[in-house]
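Here is a short briefing to read alongside the structure.

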Amino acid sequence: MKILVVCQHYWPEPFNTSDVCEELVDRGHSVSVITGLPNTGMPNSDIPEEYKSGHKRIEHHNGVTIYRANLQPRKTGALNRVKNYISFWHNANRLARTLNEEFDVVLGYQFSPVMQVDPGLVYARKHHKKMLLYCFDLWPVSLTAGGFSESSLPYKWMEAVSKRIYRQSDRIAVTSPLFDEYFSKRLGINREPSAYLPQYADDAFSSCAKCSCEGYDSSKINLTFAGNVGQAQSVITIVEAASITQKDQDLVFHIVGSGSRLEQCKSRASELGLDNIVFHGRKPIEEMPKYYGASDAMIVTFEDSPMATYTLPRKVTTYMAAGKPILAALSGETKRVIDEANCGFCCDIEDAEGLARIASQFAGLSDTEQLGNNAKAYYERYFTKKLFFDRLEALLAELMEE
């Protein structure tokens, strides 16, 4: 197939869009991408010098042709973020209208915000092609995490935009079956059931053998959170849980990652005088398996929002691929998966006392290896990379043939 992928984020930004596109190329397909200028994850969230002044608007990388639309860099602050979103939307739509190359099918790879895949619909309508929308974040409910109320004008406007994009997409694939509940009950969209396409883990995490790692004491029970330390992740819940379990000398909490709430978490840990929590900072992905290998269990937390119920964070499938027990302060889809896999314990969202309780419950087990084995077995059954790409290829082929 000749596939056009549309996503605001692509290599060299730290998103897995490029992994997906390159694997499709390895499977024999021709893949082109409409994306933005790199800035997210770049120094100061700015555009690298080599991409300024109109340079590198068409690139070829690992077999993928990349068309880049101009945008305002993300930098810092809410206003810059809005400018970033709107500028890509406008410029990528214009690029899609002028792109004359003939593709068989379109894949809209939808992180936040939802309108980043609108250029795919622009191209599909003009050339009478079909688009598969692969949905990671639900809109407009994601705006509530940024402090917007459902009665606010920005929320109402984004609700109209979101409904249009979800309705116009020829097929939707979702990372959680509960997304359809949101589409029907919250947005009033009644369409065929979405295709379930859960995220797979990076290959590096499929063999995380038990090992030692700097900052880990193998005589302790080491519990690790790995990933972004932002508002949505509510890592402060882990800090408060560490305070509650401080008297248990066997339990140590580890935070491996960085983000907008890291300093707040460090400050709170210092204020509480905690000696049972270690902040390791952000590490390259190739180093992460050793942190998993040194951990007895992994932690996932989220802030209290509708998104927390509907989503299955990619870190959960990564934890499972590594064969690690999981402690989760989450409900909804994440709890369903952990309970069904029998690979860990869950408590209520943002419940520090609950997290402390299940951490102590885990520490009291005489044998935790079976939980890790259960996690690995469930991953192999439902979440592998091969399963993902077999499903994705089939969905795209079906749309192409309609």
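A search of this whole predicted model turns up zero disulfides. C211 is in no disulfide, and the nearest cysteine sulfur, that of C213, is 6.4 Å away. After the cysteines, we turn to the sheet and then to the helices.

**Cysteines**

- With a relative accessibility of 29%, C211 counts as partly exposed, because that class lies between the 20% and 50% limits.
- For C347, the closest cysteine sulfur belongs to C346, at 7.6 Å, which is too far for a bond; a disulfide would need the two sulfur atoms within 2.5 Å.
- C347 counts as buried at 5% relative accessibility, whereas C211 is partly exposed at 29%.

**The sheet**

- Eight strands form an open sheet with mixed pairing, in the order β3-β4-β2-β1-β5-β6-β7-β8.
- The edges belong to β3 (58-61) and β8 (195-196); each has a single partner strand, so one side of each is left without a neighbour in the sheet.

- β6 and β7 pair in the parallel sense, with four bridges between them, and C135 stands opposite V174 in β7.
- To get from β6 to β7 the chain passes through α4, making a right-handed β-α-β crossover.
- The path from β7 to β8 goes through α5, and this β-α-β crossover is right-handed too.
- Strand β7 (residues 171-174) is joined to β8 by two bridges in the parallel sense; A173 has A195 of β8 as its bridge partner.

**Helix α5**

- Which residues of α5 are buried? In this helix (residues 179-186) they are F179, Y182 and F183.
- Viewed down the axis of α5, these buried residues fall within an arc of 100 degrees, so they line one face of the helix.
- The cover over the buried residues of α5 includes β6 (131-135), α4 (153-168), β7 and α9 (306-310).
- Just after α5 comes G188, with a positive phi of about 70 degrees.

Notes: Residues are numbered from 1 along each chain as its sequence is written. This is a predicted model: local features need pLDDT of at least 70, side-chain atom pairs count only at pLDDT 80 or more; totals for chains, interfaces and linings use all residues. Side-chain values use heavy atoms; hydrogens and water are left out. Two strands pair if DSSP finds at least two bridges between them. Buried means under 20% relative accessible area, exposed over 50%, partly exposed in between (1.4 Å probe, protein chains only). The arc is that of the directions from the helix axis to the C-beta atoms. Contact means heavy atoms within 4.5 Å. A crossover is right-handed if, with the strands pointing away from the viewer, the path from the first strand over the helix to the second runs clockwise.
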